[in-house]
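Try each task before reading its solution.

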Amino acid sequence: MRILILYGSQTGTAQDVAEQLWRASKKRNFDSVVMAMDDYQIQQLTEEHLVLFVVATTGDGKEPDNMRNTWKFLLRRNLPVDSLSNLQFACLGLGDSSYAKFNYAAKKLNKRLQQLGAQPITPLALADDQHDYGSNAVVIPWMTNLWEEVEERLGLSCRDAENLHETFIFKWHCCRLDHTSILDEDNYHLLWPHRQTPTHSFKLINNVRTTDPSHFQDVRFIQFEVPENATWLPGDIIEVHPHNSKKQIDEFFALVQEHELDFDSNTVVRMSSNHQDMILPKCYSKPLNVRQMATSIWDLSAKPRQRFFELLALNCEDNMEKEKLLEFITSDGLEEVVNYINRPRRTVLEVLQDFRHASSKLTLEICIEMFSFIQTRSFSIASCVESKALDLLVAVVEYKTKMSSPRLGLCSNWLKCLKIGDNVLGCLKRGTMQLPKELSTPLIMIGPGTGIAPFRSIIQKHTINQNGLDSHKSLLWIFFGCRNRSKDFHFQSDLELWHKQNYIKLLVAFSRDQDHKIYVQHLIEENSQELKNLIKECNAYVYVAGSSTNMPKAVKEAFINVLDKDEAYMEKMCKINRYQEETWS
């Protein structure tokens with residue numbers, strides 16, 4: 001029987017889970033196909049009988065890029081209400097409950113499929129990255145229950161599950177070429193190995209630390225020259241593709257050499273798909289060597305996923321190591337994964353170093369299947385296009401766990417190490433913020449820390465377009481928060497100048513400059529009367545940007561207090577996009 005598995009994935013996690021389902025279905029002798037939703041001809045969904053959906057939620061309740069066309073089609077009002085009456089389906093959502101619209105994309109899809117007559121074979125499952133065990137707390141038992149339901153409801157006999165870990169379904173075929181094979185000098189497919197086309201190449205012209213050297217975090221002001229024909233709007237973002245550090249690459253090849261594996265950095269391969277319906281990734285479209293893979297494609301700083309443990313155990317001849325690796329991919333092993341991987345934030349390289357017997361049996365074919373791909377990272381653009389520069393404000397991720405070496409964010413540290421004159425491929429994309437059409441509409445912007453970045457672009461644009469407006473009346477209210485005035489007041493000179501010129505009304509909370517802590521939500525409530533008038537009398541829009549931990553919830557509660565506890569009014573503002581959040585974890 002055919003099973004279609006469709007995913008909507010922004011960072012690769014939903015794709016990884018969907019491919020787990022695909023492998024599990026293949027091992028159970030199903031004729032299964034897995035692909036991104038937008039790669040499937042959605043009009044053919046009426047001909048399917050069993051479809052499994054794995055859907056992530058991105059941003060403020062948005063669907064991932066690779067399912068947006070599908071979602072638009074499913075929302076058409078002229079679709080018959082019984083158009084999917086022959087379809088049975090299961091839907092798994094991957095989300096993060098620190099966001100207000102938790103698993104929103106999966107909830108909407110599940111509801112819409114049933115509106116069109118499709119029948120769920122299992123209840124909607126919503127995995128939460130904030131769970132102590134992460135998304136696997138829901139994913140693993142959901143998969144187990146799914147196959148039981150498929151067997152019971154459809155009267156199908158699934159293959160005995162006892163030996164399912166003894167084999168692995170490989171996606172790719174790896175054909176080794178002679179070491180002297182000449183590689184294509186055009187390595188565009190490696191610098192940008194993603195299907196969407198980058199809009200431009202950006203030349204770096206500035207890269208400086210903005211925080212005081214004594215401050216705990218390095219925050220960088222990164223500036224690129226604007227290429228010809230590049231354009232964006234305030235609130236838009238840029239996606240970039242980072243590379244692994246030289247240290248990570250050297251550590252990987254040191255391990256390869258130590259174990260005398262059957263390949264080295266110069267091994268050249270040509271890749272092809274083992275399955276007719278499996279699309280070959282762009283990065284594998286031309287012959288390449290292993291050093292190129294370890295530099296530009298494999299994410300060597302990633303946390304290992306289930307596929308990694310399963311493959312590492314595949315050829316392992318040490319019973320203790322094999323047993324432990326296979327335990328990691330079961331429900332019983334979730335606590336072990338938390339203690340060994342999640343809490344200390346162990347990377348794939350560190351796991352390879354710990355499981356030395358298993359690592360000594362690696363092959364190039366296993367490595368190609370085992371490592372997750374490096375994903376693009378998105379940053380809010382902190383300047384308007386009229387400024388003639390594309391500015392970013394990037395917090396360099398570095399923190400300590402019980403591991404001996406600090407944990408380093410891949411992309412922020414890659415950006416930190418870029419040199420003046422380096423060129424970076426980037427994709428300019430619309431942000432989630434929707435600005436009012438009328439320039440005279442007041443805007444209230446709350447951006448503590450690097451959350452100030454998108455608001456700087458809005459202010460810059462506003463100062464240029466404000467000719468003819470009442471320059472003595474601030475239409476932009478800015479609430480900024482940081483620890484200390486002297487250490488991490490981002491864009492201080494710009495903000496204070498605009499405040500002095502009356503382009504903005506600036507209110508800043510320095511949480512550590514006095515005995516008691518002051519945050520942006522306290523300043524909001526201190527200015528409640530003026531803010532209430534702006535919102536209710538002048539139809540002001542409110543924007544919140546920054547960390548998704550505690551700040552967004554505290555800020556929203558402050559605004560509800562400003563509105564005299566009128567939660568219904570707040571709900572209405574959210575619904576019509578007069579209250580918007582752009583947050584990240």
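Helices (H or I, at least four residues) and strands (E, at least two) are DSSP runs, numbered from the N terminus. This is a predicted model, where local features need pLDDT of at least 70, side-chain atom pairs count only at pLDDT 80 or more, and totals for chains, interfaces and linings use all residues. Residues are numbered from 1 along each chain as its sequence is written, and side-chain values use heavy atoms, with hydrogens and water left out.

**Exercise 1.** Find where Ile-518 lies and what Ile-518 touches.

*Solution.* Start with the loop between strand E20 (504-510) and helix H17 (520-526), where Ile-518 lies. Next, take the accessibility: Ile-518 is at 21%, so it counts as partly exposed (buried means under 20% relative accessible area, exposed over 50%, partly exposed in between, with a 1.4 Å probe and protein chains only). Finally, list the contacts (heavy atoms within 4.5 Å): leaving out residues up to four places away in sequence, Ile-518 touches Ala-509, Phe-510, Ser-511 and Leu-523.

**Exercise 2.** Is Val-520 buried or exposed?

*Solution.* First place Val-520 in helix H17. Its relative accessibility is 4%, so Val-520 counts as buried. Beyond its neighbours within four places in sequence, its contacts include Phe-479, Phe-480 and Val-555.
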